Each structure stands twice: as C-alpha cells, then as structure tokens.
Amino acid sequence: MSYETILIESPAQGVGLIRLNRPRQYNALNSTLLIELGTALDNFEQDDAVGAVIITGSEKAFAAGADIAEMVGISGQEMLEMVEASTGWRAISTFTKPTICAVSGMALGGGFELALQCDILLATKGAKFALPEVNLGVIPGAGGTQRVARIVGKSLAMEMVMNGRTLLAEEAHQRGIVSRVIDPADIEAEAVQLATELAGRAPLAVRAGKACVNKAINTTLEEGLVFEREAFIPLFDTEDAKNMMTA
C-alpha cells in the first residue's frame, strides 16, 4: 500500500517502522497523515510477523505540531469532526504491541502528544519538546495536558501548558519523559535494536506487561493490582511460559 505522508519500512526481522514524511512542513500532523498513521498501525496490529513498531520523523523534526493551515478559521464543531475522523489517535492508543518513538529535532504540540502515546520515547541530544498551543489561543487537545501532568507533576506541567515552556531532551530525560538520550547518528540504530529485542520476547507477556503499566498510570493502586493479577495468572497456561521455564 502506498501512502502520501508516511513511509513504511522493515529495518529488521519482526520490526515495523513508520516514518512521518512531510519534510517541507516539518512533519506537521494533518488529517491525511493521521488517517494514514491509523491505517499503518492497524495493519501492523494484524501482522503476526511484526512484534514491535518504531515511529520516527526526520533529523530536523519528529513533528512540528498540528498543521495550522487546516485549523485556520474552523469552528469548534468542525474541529470535533476532524478529530473524530483522525484515526491515528485511536490506533496508537489501542495498539497492543510495543511502540518506540525516536525523536530527532523538534516534537511540538501534537507531535509531542503523539510521542507521549508511544510506550518508550528515545531522543537525540538537544531534541526539543513543548506544548506551545497557548500561542495560538488554544490548549493541547490530544492528551497533552493529561499525560504530561502524570509524568512531570503539576507545577512543570502548568508551565508547559500555560506558558509553552520548552524542554530539551536532557531535561525531558531527567523528568521521566524520555527513556534514553542518544547521539543523533545512533538513534535509529538503537531504536531498531530495542525494537528487535522486544519483538523477540514472549509476545503475550510483552502485551500483558504493556497493558499493566498503562493501567497503573490511569487507575488506583488497588485496581491496578487486581488488573495485574488477572493478567499474570493466565500466562502460566501459555506455551511460551511452559517452554521458557523448562529451557
């Protein structure tokens, strides 16, 4: 299948890669890109040969936010319809396999929100993260206010949302947003290596682990412990567990 705004690659066995590809717009997220992202993720979800997915952009920009050209002059109702039609947000939030976001350059606004929805976020030295929507008279609308606050806490989240404060990769790493800060020349290779490792793990255990960690972020400890127990017990009946415990 051919796409207009993304490239699909297979950099290693078991690994799928989605490259945002609107270089003139610094990979700004327009409706077409978000729909194509949703289609690509749905295809990877259904492909048993793919165990992990990388989402990345270019050296200069992961994604410079939403495409402002699409938003100028539209009403709230029109924005609602646009968001509901943008299947990429739904697809990334419900994707059951591991996702790695490899950020070079800038991840701003909706681009940062997309990165936050991935399971593991890698960034190059000097990469920039921000939620600058206040400069356009609006706020983040794809989960930015909620996810950032859960990671960095109230005070810094307030600065980022209300004043558009930018974080460099090094501070984002200190604050728990980024898992690793990597030299620009090495980031894609490290992302592929990590994705290859994840794709080689017991898939049901990996998916269960992902679901449990995501549950931990969005519920109470008591509810999370129940969810973990319910995910833990059935794994003992899988072929992976039986074979790996006797290896």
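Guide: Contact here means heavy atoms within 4.5 Å of each other. This is a predicted model, in which local features need pLDDT of at least 70 and side-chain atom pairs count only at pLDDT 80 or more, while totals for chains, interfaces and linings use all residues. Residues are numbered from 1 along each chain as its sequence is written, and side-chain values use heavy atoms, with hydrogens and water left out.

Visitor: Which residues is isoleucine 100 in contact with, leaving aside its neighbours within four places in sequence?

Guide: Val53, Ile54, Ile55, Cys118, Ile120, Leu122, Ala191, Leu194, Ala195 and Leu198 are its contacts. Isoleucine 100 itself is found in strand S5, residues 99-103. Strands (E, at least two residues) and helices (H or I, at least four) are DSSP runs, numbered from the N terminus. Alanine 191 is 91 residues from isoleucine 100 in sequence, but the two C-alpha atoms are 7.0 Å apart in space.

Visitor: Why does isoleucine 100 count as buried?

Guide: Buried means under 20% relative accessible area, exposed means over 50%, and partly exposed is in between (1.4 Å probe, protein chains only). Isoleucine 100 has 0% relative accessibility, so it counts as buried.

Visitor: What makes helix H5 mostly covered?

Guide: Eight of the eight residues of H5, which spans 110-117, are buried. Among them are Phe112, Glu113, Leu114 and Gln117.

Visitor: Is asparagine 27 buried or exposed, and how do you know?

Guide: Its relative accessible area is 2%, so asparagine 27 is buried. Asparagine 27 lies in the loop between S2 and H1, and its phi is near 60°, a positive value in a residue other than glycine. Tyrosine 26 also has a positive phi, of about 50°, although it is not a glycine. Tyrosine 26 lies in the loop between strand S2 (15-20) and helix H1 (31-46). With a relative accessible area of 41%, tyrosine 26 is partly exposed.

Visitor: What does serine 58 touch, not counting residues up to four places away in sequence?

Guide: Serine 58 touches Asn27 and Ser104. Serine 58 is found in the loop between strand S3 (52-56) and strand S4 (61-63). Its relative accessible area is 31%, so serine 58 is partly exposed.

Visitor: How do you know that arginine 22 forms a salt bridge with aspartate 67?

Guide: A salt bridge is a side-chain nitrogen of Lys or Arg within 4 Å of a carboxyl oxygen of Asp or Glu. The closest N and O atoms of arginine 22 and aspartate 67 are 3.0 Å apart, and the pair forms a salt bridge. Arginine 22 lies in the loop between S2 and H1 and aspartate 67 in the loop between S4 and helix H2 (68-71), so the pair ties together parts that are 45 residues apart in sequence. Both residues are buried.

Visitor: What parts does the pair of aspartate 42 and arginine 90 tie together?

Guide: Their side chains meet in a salt bridge of 3.2 Å, N to O. Aspartate 42 is in helix H1 and arginine 90 in helix H4 (residues 87-94), so the parts tied together are 48 residues apart in sequence. Aspartate 42, at 27% relative accessibility, counts as partly exposed, and arginine 90, with a relative accessible area of 40%, is partly exposed.

Visitor: How many salt bridges does the count come to?

Guide: The count comes to ten. One of them joins aspartate 183 to lysine 125, with the closest N and O atoms 2.8 Å apart.

Visitor: Into which domains is the protein divided?

Guide: Domain 1 covers 6-199 and domain 2 covers 202-245, bounds of this kind coming from an automatic or database domain assignment. Their C-alpha centres lie 26 Å apart. Nine residues from domain 1 and six from domain 2 take part in the contact.

Visitor: How many salt bridges are found across the interface of domain 1 and domain 2?

Guide: The rule finds one across that interface. Elsewhere in the list of pairs, the side chains of aspartate 119 and lysine 210 meet in a salt bridge of 2.9 Å, N to O.
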